[in-house]
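Reader: I would like a close look at a single part of this model, with the residues named. Please keep the account plain.

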Amino acid sequence: MSFIFKWLRPERPGGVALHPVRIVELDEPVEAAYGRCAQGIERVLGGVIRETDERHRHIDATFGLVNSERITVTLEPVNDARTRVTIESRRVLSAEPARTSQYVGELAKFLSPGTKPAE
C-alpha cells in the first residue's frame, strides 16, 4: 500500500518551504530575548505587535496596510541562558509562494549574535 501513497504524492523539490523561516539562537534567557524581539519588530522594522502571551514565548506582528505581511516569532528556551527564536512569515494568498521575506531576514539580522540593540 505504501507504494500507492508514494506514487500519488507529488515530490517537492528540496529546500522549498511554504513560507520564509529563519531560526536564531541567542545567548539570553527567554525574557531578555522576548524584549529584543519586541524591540526589533516595533522600533527597528516599524511593525505592530498584534498578539503575545504572558510567558513571553509567542509574538504575532503585522507590517504594512496593503498586501501586509504577518510574522510569527516563537521563543523556545534551550536552557536557562539560551533561547531559540523561530521567525516565520505569513503573507496574503498568491499564486506563487514567497521564497524570501525582508522582515524575517532583517529581524534575524538584528537578533544575530554581535548585533547591538538600538538605543
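Which residues have the most contacts inside the largest nonpolar core, and how many residues does that core have?

Author: The model is a predicted one. Its largest nonpolar core has 21 residues. Ile 71, Val 73, Ile 87, Leu 107 and Leu 111 are the residues with the most contacts inside this core. At least two core residues come from each of the following elements: the strands β1 (21-26), β3 (58-63), β4 (69-79) and β5 (82-91), and the helices α2 (30-44) and α3 (102-111).

For background, the protein chain has 3 helices and 5 strands, arranged along the sequence as α-β-α-β-β-β-β-α. Of the 119 residues in the protein chain, 31% are buried. If contacts in the protein chain are taken between residues at least 6 apart in sequence, 51% of them join residues at least 24 apart.

Apart from neighbours within four places in sequence, Leu 107 is in contact with Cys 37, Gly 40, Ile 41, Leu 45, Ile 71, Val 73 and Ile 87. Among these partners, Ile 71, Val 73 and Ile 87 are also listed with the most contacts inside the core.

Leu 107 also takes part in the packing of two helices. On the α3 side, Leu 107, Phe 110 and Leu 111 meet Arg 36, Cys 37, Gln 39, Gly 40, Ile 41 and Val 44 of α2. Sorted by class, this contact of α2 with α3 has 6 nonpolar, 2 polar and 1 charged residues.

The geometry of the pair can be given next. Two packed helices are described by the angle between their axes and by the distance between those axes. For α2 and α3 the angle is about 130 degrees and the axes are 10 Å apart. The two helices α2 and α3 are therefore oblique to each other, and their crossing is right-handed.

Leaving out neighbours within four places in sequence, the contacts of Val 21 are Thr 86, Ile 87, Glu 88 and Val 104. Val 21 and Val 104 are 83 residues apart along the chain, while their C-alpha atoms are separated by 7.0 Å.

Key. Residues numbered from 1 in each chain as written. Predicted model: local features only at pLDDT ≥ 70, side-chain atom pairs only at ≥ 80, totals over all residues. Heavy atoms only, no water. Core = buried A, V, L, I, M, F, W, Y, C linked by side-chain atoms within 4.5 Å. Buried < 20%, exposed > 50% of the residue type's maximum accessible area, 1.4 Å probe, protein only. Helix = DSSP H or I, 4+ residues; strand = E, 2+ residues; numbered from the N terminus. Contact = heavy atoms within 4.5 Å. Axes fitted to C-alpha atoms, helices over the stretch in contact; angles between N-to-C directions. Parallel < 35°, antiparallel > 145°, perpendicular 65-115°, else oblique. Left-handed = near helix turned anticlockwise from the far one by under 90°. Nonpolar A, V, L, I, M, F, W, Y, C, P; charged D, E, K, R; others polar.
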